[in-house]
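Open the model in your viewer and keep the selection tool ready. The tour goes from stop to stop, with what to select and what is there.

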Amino acid sequence: MSARWPTEGLAFGGDYNPEQWPEEVWQEDVALMREAGVNLVSVGIFSWGELEPEEGVYRFEWLDRVLDLLHENGIGVDLATPSAAPPVWLHLKHPEMLPVDANGLRYTQGSRESWCPSSPVLREHALRIARVLAERYGQHPAVRMWHVSNELACHNGRCYCDVSAAAFRDWLRTRYDDVDALNAAWGTAFWGQRYASFDQVLPPRRTTTIPNPGQRLDFERFSSDAFVDHLAAEAAVLREVAAHLPVTTNYMVMGEFHQLDYAATTPLLDLVANDHYLWAADPDGWAELAFSADRVRGLAGGEPWLVMEHSTSAVNWQPRNLAKNPGQLLRNSLQHVARGADGALFFQWRQSRAGAEKYHSGMVPHAGRDSALFREVVDLGATLGRLAEVRGSVVERARVALLWDTQAWWAAELEAHPTVDVRYLDQARRLHRALLDAGVPVDVLPVSASLDGHDVVLVPTLYLAPDGLADRLRTVAERGGQVVVTYFSGIVDEHDRVLLGGYPGAFRDLLGVRGEEFAPLAEGARVALDDGSVGEVWSERATVTDATVVASFADGPSAGFPAVTRRDVGDGAAWYVATRLDPASTTALLRSVLDAAGVEPLVRDVPAGVEVVRRVGDDAAWLFAINHTDADARIDASGTDLVAGEVHDGGATVPARGVLVLRQDH
Ligand code: GAL
């Protein structure tokens, strides 16, 4: 990734959709943007139908005027290619580009992203309009960055049409070369599913009962690859025409979304950008935000990244769209910045008057400038302005790493597994939360990332572990690190075929444990461990072959079997946890592991619910302290607070629901 950043200080702004408004409003828009300190807006994301109302007939005058106006007012533009919203004429001319679901139902146009990712028609037209835009605006002085499409795979992540079927077969031919290699990989001897040629293979469309898991997993890979290809193709056109501008696209590293293997896309981008929306009903949404931001930083290789979208207040697509409370906007924005974002952008600048998202908050609400929300936006802009010096610094490297992987996620949640209660992210989030509450920083890394420099490596529910991971973990332990692997990890090979000889096949030797049978728990059941810990969801009947039993199951279906084990490896150790420990037990286990590695919290005795993160630059460091509780919190840290401008010496008080950013000179 390159260091070209689109703004001088931290980026602040949002999606700007002036085509929804008469031109008089544009003048007010730029005046209010200046008042709020906006320096970057994303333009044109859904404008294809406005820019090319008929095939080959372009209307650029409005966009010319918008870009000129923004430039005159010193506001930079993140210019989008409009492939997220193909125009009606294209859909009508080529209905075959509309996606088809697993039941064979073809979608109609009428919303957005209604295209099959394997459609050559869509690809051709998307590249054509991208080139036309790049040629027209690539040298425009307002344009600072390219925004490829929008949230790739958000609505059209999987398409089962005939075009996709043919593309899937080509992808399989490249992967396997020989159809018997595919038969072996997918275990087609089971239920007599043997293929005599690639031509017989279909996408995993709706079928009578459990589909073939190898086919399902390869289809996930193929579908994700189709979007990676699309991104690569658009990025190539933009770079060919206007190579001086950085290229990004907005990820959806949030909640449960996992249609795209983002780790495969980062080499295509100059900077990583993410969209994040809180799940309003979750009172601990801030912790999910922290987890998301840490994952994005891991994808960005620790470099600064950008929040491309979040919301000033309510969204419009959840069952109950709760408004943010006063102060929450600042906390959420600075959470992202604390965890490595060099800016905070929103969907969207002006709340729409019409259309599907008119009840989604914006930076300028329906009430207009004279509103508490706009005043909060102005305050946020001023605060980000005071934090400008943070730009380019990085989050201090953590000594703890937590690994995740989209392919493992796909595989872990295939049908017909031992229990529906194993959800891929559950264990990762629980571990992350325990570290958050303990004030211990963690790098959340794609599974292929380097583990050099990490003294504790956590491997939650990594059902499908890549080849070589066990050796990389052994190296960490040999040099004195602590490795923790949890239940349902290392079970299958890349084709979802079980690694034989006892679970967990990939990690059996590293952990010194051999499992004979899974024994998941009944719905809602809990098991006691003999050290007082409590397990949920999972147990198993395993024995130690070369490890020490730290705790055993005291009751439940695996009573008497080890639940937590440790094997000394070199100067360190490899731990195995055969159940999902409840939150208190997770905290206790992590305390033992962190103590063994000598890892301490960033700041001692920070109350739970107060996040503390440090970014470091060449001459200074910035300690972000974000208080999500209703009580003032005293922390043992000093420095000049860039939010309120006060100097704190001999400790600082983080106000209830407030934020401090303490500059600490080296
Ligand atoms: C995002 C999308 C935006 C807007 C927003 C609403 O998924 O990129 O265009 O729809 O959600 O929350």
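**Stop 1: helix 3 and helix 5**

Select Leu 63, Asp 64 and Leu 67 in helix 3: they meet Leu 133, Arg 136 and Tyr 137 in helix 5. Contact here means heavy atoms within 4.5 Å. By class, this contact has four nonpolar, no polar and two charged residues. Ala, Val, Leu, Ile, Met, Phe, Trp, Tyr, Cys and Pro count as nonpolar, Asp, Glu, Lys and Arg as charged, and the others, Gly among them, as polar.

Before moving on, note that this is a predicted model: local features need pLDDT of at least 70, side-chain atom pairs count only at pLDDT 80 or more, and totals for chains, interfaces and linings use all residues. Residues are numbered from 1 along each chain as its sequence is written, and side-chain values use heavy atoms, with hydrogens and water left out.

Now show residues 61–72 (helix 3) and 120–137 (helix 5); their axes come within 12 Å and cross at roughly 45 degrees. Helices (H or I, at least four residues) and strands (E, at least two) are DSSP runs, numbered from the N terminus. Axes are lines fitted to C-alpha atoms, for helices over the stretch in contact, and angles run from 0 to 180 degrees between N-to-C directions. Helix 3 and helix 5 are therefore oblique to each other. Angles under 35 degrees count as roughly parallel, over 145 as roughly antiparallel, 65 to 115 as roughly perpendicular and the rest as oblique.

**Stop 2: a positive phi**

Go to Glu 151. It is not a glycine, yet its phi is positive, about 40 degrees. Glu 151 sits in the loop between strand 4 (143–147) and helix 6 (162–176).

**Stop 3: helix 9 and helix 10**

Select helix 10 (residues 328–338) together with helix 9: the axes come within 9 Å and cross at roughly 25 degrees. That makes helix 9 roughly parallel to helix 10. Show side chains next. Trp 286, Leu 289, Ala 290 and Ala 293 in helix 9 meet Asn 332, Gln 335 and His 336 in helix 10. This contact has four nonpolar, three polar and no charged residues.

**Stop 4: two cis peptide bonds**

Where is Gln 348 found? Look in the loop between strand 9 (341–346) and helix 11 (372–386). A cis peptide bond joins Phe 347 to Gln 348, with omega about -10 degrees. Then jump to Tyr 503 and Pro 504, also joined by a cis peptide bond; omega is about -15 degrees. Pro 504 lies in the loop between strand 14 (482–486) and helix 15 (508–511).

**Stop 5: helix 13 and helix 16**

Arg 430, Leu 431, Ala 434 and Leu 435 in helix 13 meet residues of helix 16, including Leu 590 and Leu 594.

**Stop 6: the lining of the largest cavity**

Strand 23 gives the most, with four. By class, the lining has nine nonpolar, two polar and four charged residues.
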